[in-house]
Every structure is written in structure tokens, then in C-alpha cells.
Amino acid sequence: MDRRSFLAAAAATFVLPAPATTSARTLARDPFKLGIASGDPSTDGFVLWTRLALDPLGANGRGAMPSRDVEVDWQLSADERFGKILRSGTATARWKDAHSVHVELDGLEPGREYFYRFRAEGRLSPTGRTRTAPSGATQPLAFAVAACAHYEHGFYTAYRRLAEQEPDLVLFLGDYLYEYGPSGYTALAGRVRTHTPGKCATLADYRLRHAQYKSDADLQRAHAVAPWLVSFDDHELENNWAGPVSSTGAPAFAHRRASAFRAYYENMPLRRASLQGAVLRVNRRVSWGTLARFHLLDTRQFRDDQACLDGVRAGCDERLSERRTLLGGDQWRWLSDGLRASTTQWNLLGQQILMMQRDYKRGPGREVNLDAWDGYAAERTRLLELMSTTSNPVVLTGDAHMHHAASLKLNFDDPDSPVIAPELVASSIASDGDGYRDKVWIEEGLAENPHISYIDQRRGYIMARLNSTELSAEFRTLEYISRRGAPAKTTHRVTVPTSAP
Ligand SMILES: [Fe+2]
């Protein structure tokens with residue numbers, strides 16, 4: 001059996017005895033309609049995730065599950081046939097947690113591939129592949145970067161193509177789902193499918209929307225192939241929210257935020273410690289031996305409100321204020337301490353919004369996006385100064401719905417200002433539909449922003465390979481997503497040697 005076929009393989013006999021507590025009960029149908037996932041690898045473990053649903057679109061986001069807790073067995077094996085079970089156990093999928101399961105494993109061997117699966121009341125889940133992070137010197141790392149997957153705007157072919165490349169790790173940098181009601185945000189190419197009713201506002205709304213997204217087979221495949229490092233941006237809650245502030249004046253926003261966070265945690269392979277009361281803590285570090293450390297940032301939850309009423313604007317002095325923060329004081333200290341203390345060869349900052357300066361106005365003058373780092377320019381300068389003393393920093397970004405490759409500089413307006421780090425921006429998986437390639441618009445954008453070397457308005461993801469001498473990143477691009485079956489092609493390649501950022 002080749003590596004790819006494990007997903008389709010018929011399940012071998014599940015050798016665990018049935019737990020006595022559930023022996024008299026059976027679920028009427030397959031409860032694994034939302035798939036399985038793993039995430040946050042350490043050198044000795046990871047998180048295994050599933051959430052039971054008999055019908056993803058069941059009322060109140062409850063997946064048509066019975067109103068009781070359900071025992072879920074799990075198994076871990078070194079081979080996809082489960083010939084030898086290395087670990088097994090039972091977790092409880094609680095009614096109060098929308099029947100989600102988060103199993104955190106430790107004590108495993110570093111740098112190894114593992115296979116896992118679940119069973120609930122006689123029903124067997126698909127099999128997933130995951131891995132522990134290596135320790136010490138390590139083999140090259142292959143990782144994918146993805147963001148922004150509006151369900152209505154197109155099919156998730158990009159997730160499928162990403163899965164086919166079998167990365168060791170997947171970084172997801174925000175807008176995993178969108179909160180809008182049906183056609184609440186339309187793409188040029190129209191919509192190929194329809195959101196669940198209404199704009200998300202309640203816990204039930206967010207649970208239901210997550211279940212709708214998770215029911216997609218291409219997305220399930222991408223989760224099953226590798227562990228993910230997930231972080232959210234704005235649309236997992238509401239467009240362009242900022243810390244405690246709703247961009248739309250939504251009533252009881254603190255409650256809405258807590259509901260969105262809870263549903264996000266329930267539906268993602270995050271560690272239990274991430275949900276800290278009203279805070280969802282996703283800024284964290286994952287190390288890959290001595291090769292690399294990922295610093296995942298949260299550029300949404302702890303930020304000051306956008307300057308000058310938000311939007312893409314010219315002439316906003318407030319955005320330059322030294323007092324403004326995007327990361328918040330605690331996260332800033334956490335990041336600066338972590339970058340100073342890091343001993344790995346590479347330091348990869350996974351974050352949500354464009355860090356580069358980006359002038360959207362053609363010709364004289366400048367218009368910038370006040371929701372991105374341009375709206376928090378003084379803190380950006382402080383971070384770039386810090387990164388200038390960091391070993392091989394690389395910034396990985398989502399949000400833009402376009403591929404970008406750029407050089408981050410202390411002074412973007414000075415051609416002689418040294419390059420501090422590359423910024424690689426993954427286009428969207430689906431948001432904005434098929435996309436297009438407007439050569440004139442791109443040439444003008446590159447002329448206005450000489451530190452940018454590549455822009456592409458089509459859908460896709462980044463596939464990167466990292467070793468001790470270079471980072472090689474392929475921008476993977478699809479011609480269409482309004483129909484299924486598009487191939488992914490490498491439309492641009494960036495190579496960053498350790499000797500020159
Ligand atoms: Fe987005």
C-alpha cells in the first residue's frame with residue numbers, strides 16, 4: 001500500500017474491546033462526518049481531534065447527535081494498517097462540547113510518523129497521518145501555508161492539491177471560515193454553494209458553520225495528511241474586529257467573541273490550554289529540531305482599534321503613533337523574548353496580515369490598508385529591528401487573497417535600506433473565487449512597491465522546503481475553483497539562502 005492510499009483503505013479490525021458503558025448503545029449512522037485532524041506537534045506528542053456529527057447541518061449546530069455524552073476510543077500506530085497498536089485509550093465526546101474530542105499525547109518518539117483513528121459505538125473513523133517534531137539535527141522540512149477559504153466562493157481543490165503533496169506540516173493563517181450569511185460577501189465568479197442561514201452571531205451559528213465547512217471532503221483530506229498549526233484572523237468571528245471592538249457595532253460583542261472562540265476551539269486540533277476563559281490563546285511556538293522554530297502570532301485579539309475609521313486610506317497620521325499596538329504588550333514581550341532566546345537556524349513568524357508596506361494608490365501619494373501592519377507602523381519598525389538580530393527570520397502571511405513575495409525593510413522607501421526578512425503571502429484557498437491575472441494592475445502594484453517581487457490574484461497556497469542552507473518556496477496556483485479538478489501549478493519560486501535574507 002502506498003502512502004497515499006491509506007485514506008481510502010478499508011479499516012482493519014479495531015481490536016479494542018467495546019467500553020462497557022456504551023455496549024447497549026449504537027449511533028444510527030456514521031458519526032465521523034466532520035473528519036479527523038491532528039495538530040501542534042511537539043517532540044513527544046501532538047493533539048488528535050474529531051467531533052462527532054451524524055448530520056453536519058443538524059439543528060443548533062448539534063450535528064443531529066443524541067443529547068448525551070459518547071465514549072470515543074482512539075488508536076495510534078506506526079503503520080497505516082494498524083498492525084501494531086502503540087497507544088490506545090478512550091475519550092469522552094461531551095454534549096456540552098458539541099461532541100468534540102481533543103486527545104493530547106506525550107511520551108512518543110521524536111521525528112516520527114504516526115497513524116491514528118477513532119471509534120464510537122462500533123463506528124470507525126477514517127485514518128489520519130501525523131508526526132512528532134524532530135529533536136536535534138533534522139531532515140529537511142516540507143510545510144504548506146494556507147489561508148482564507150470562503151465556502152461559497154469555490155470548491156476546495158487547493159486543499160486537495162495541498163494534501164497530494166503530503167507536507168510534513170500545514171500552517172493555516174486565518175479566515176478558515178467566514179461569518180457572513182448566504183451571499184453576504186460575493187465573489188466575481190459568483191457562488192458555487194451556500195452558507196448556512198444567517199450571519200453567525202450565536203454559539204449555535206458558529207458551530208453549524210464550522211460543521212458545514214468541515215463536511216467538505218477536500219478539507220478533510222488536507223487535515224488527514226499532516227498535523228496543522230492553526231491560527232485565526234477576523235472572519236472566524238467578524239470582519240475586521242479589533243480586540244474588544246466590533247467593526248459593525250454588534251450587540252453583546254464580548255459574548256459573541258466568546259462564542260466564536262469556543263466554536264473555533266471545539267472544531268480545531270488545538271491543545272486544551274488554548275481556551276483560557278474569554279481568551280483563545282493561539283500565539284505559541286513549535287520547534288522543528290535545531291532547524292526551525294515557528295512563532296505563531298495573534299494579530300487580532302490584542303490589537304488597538306484600527307486608526308482613522310479603518311479601510312484603505314491616505315493621510316492617516318494616527319497610524320504612525322508610537323503608542324499603537326497590534327500584538328498587545330504581553331504578546332510583544334513573549335515574542336521579543338522568544339526571538340532573542342531562539343537558537344534554531346530559522347525563525348518562521350506565522351501571522352495573519354500583510355507586514356510589508358503596501359501602497360494601493362497608483363501614482364503620487366499613498367493609500368494603505370489600516371487593518372494591516374501599515375496601520376500599526378511604529379510597532380512594525382520595532383519588530384523589524386528585533387528581527388534584524390534574529391537568525392534567519394521569515395514572515396509567513398495570509399489575508400490578502402493574493403500571492404505576494406516581498407522583502408521586509410526598515411525603510412521601504414529607501415532602495416538602500418537593508419532587507420531584514422522575506423515575507424511570503426499565501427493567496428486564498430477559495431476566497432474571491434476563480435481570481436484573475438491583471439497584468440497592468442500587477443505591474444503598477446510592483447512599480448509602486450519596489451520591495452514586492454511577485455503578486456498573483458489567483459487561488460492557491462505555498463509549498464515550502466527548508467533545510468540548513470536555504471528556504472525554497474513554491475507559489476502553487478489554480479486557474480479556477482468554480483469547477484472541480486483544476487491542477488495546481490508552480491507559478492513562482494523564491495529561494496532564500498541562509499547567507500542573505
Ligand atoms: Fe480572508
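Which residues of helix 3 are buried, and what covers them?

Analyst: Happy to go through it with you, starting at the helix and then widening the view. Please keep in mind that this is a predicted model.

Helix 3 runs over residues 217-225 and is mostly covered, with 7 of its 9 residues buried. Those buried residues are Asp218, Leu219, Gln220, Ala222, His223, Ala224 and Val225. The cover over them includes two other helices, helix 1 (157-164) and helix 2 (203-214). Strands take part as well: strand 1 (36-39), strand 6 (113-120), strand 8 (128-131) and strand 11 (228-230) are included in what covers the buried residues of helix 3. At the N-terminal end, helix 3 is capped by Asp216, which places a side-chain oxygen 2.8 Å from the backbone nitrogen of Asp218. Asp218 is itself one of the buried residues of the helix.

Now for the chain that holds this helix. The secondary structure of the protein chain comes to 7 helices and 25 strands. A compact globule of 501 residues would have a radius of gyration near 23 Å, and the 22 Å of the protein chain agrees with that. Along its principal axes, the C-alpha trace spans about 75 × 50 × 45 Å. Buried residues make up 59% of the 501 residues. Of the contacts in the chain with a separation of 6 or more, 70% are between residues 24 or more positions apart. The chain exposes about 18300 Å², and carbon and sulfur atoms supply 49% of that area. As for charge, there are 62 positive and 60 negative side chains, and the centres of the two sets lie 5 Å apart.

Some loop residues also deserve a look. Gln357 is found in the loop between strand 17 (346-350) and strand 18 (368-369). Gln357 counts as buried because its relative accessible area is 9%, and buried means under 20%. The side chain of Gln357 makes a polar contact with the side chain of Asp413, at 3.0 Å. Leaving aside neighbours within four places in sequence, Gln357 is in contact with Arg366, Asp374, Arg380, Phe412, Asp413, Asn449 and His451.

Ala98 is found between strand 4 (85-93) and strand 5 (100-105), while Leu309 is found in the loop between strand 15 (292-296) and strand 16 (312-313). Ala98 is buried, at 3% relative accessibility, whereas Leu309 is exposed, with a relative accessible area of 79%.

To finish, here is a residue in another helix. Leu446 is found in helix 7 (residues 439-448) and counts as partly exposed at 24% relative accessibility. Not counting residues up to four places away in sequence, Leu446 touches Ile452, Ser453, Tyr454 and Ile455. Leu446 and Gly198 are 248 residues apart in sequence, and their C-alpha atoms are 39 Å apart in space.

Notes. Residues numbered from 1 in each chain as written. Predicted model: local features only at pLDDT ≥ 70, side-chain atom pairs only at ≥ 80, totals over all residues. Heavy atoms only, no water. Helix = DSSP H or I, 4+ residues; strand = E, 2+ residues; numbered from the N terminus. Rg over C-alpha atoms; globule rule 2.2 N^0.38 Å. Buried < 20%, exposed > 50% of the residue type's maximum accessible area, 1.4 Å probe, protein only. Contact = heavy atoms within 4.5 Å. Areas by Shrake-Rupley, 256 points an atom, 1.4 Å probe, with all protein chains shown as cover. Lys, Arg positive; Asp, Glu negative; His and termini not counted. Charge placed at Lys NZ, Arg CZ, Asp CG, Glu CD. Polar contact = N/O pair within 3.5 Å; in protein donor to acceptor, adjacent residues only side chain to side chain.
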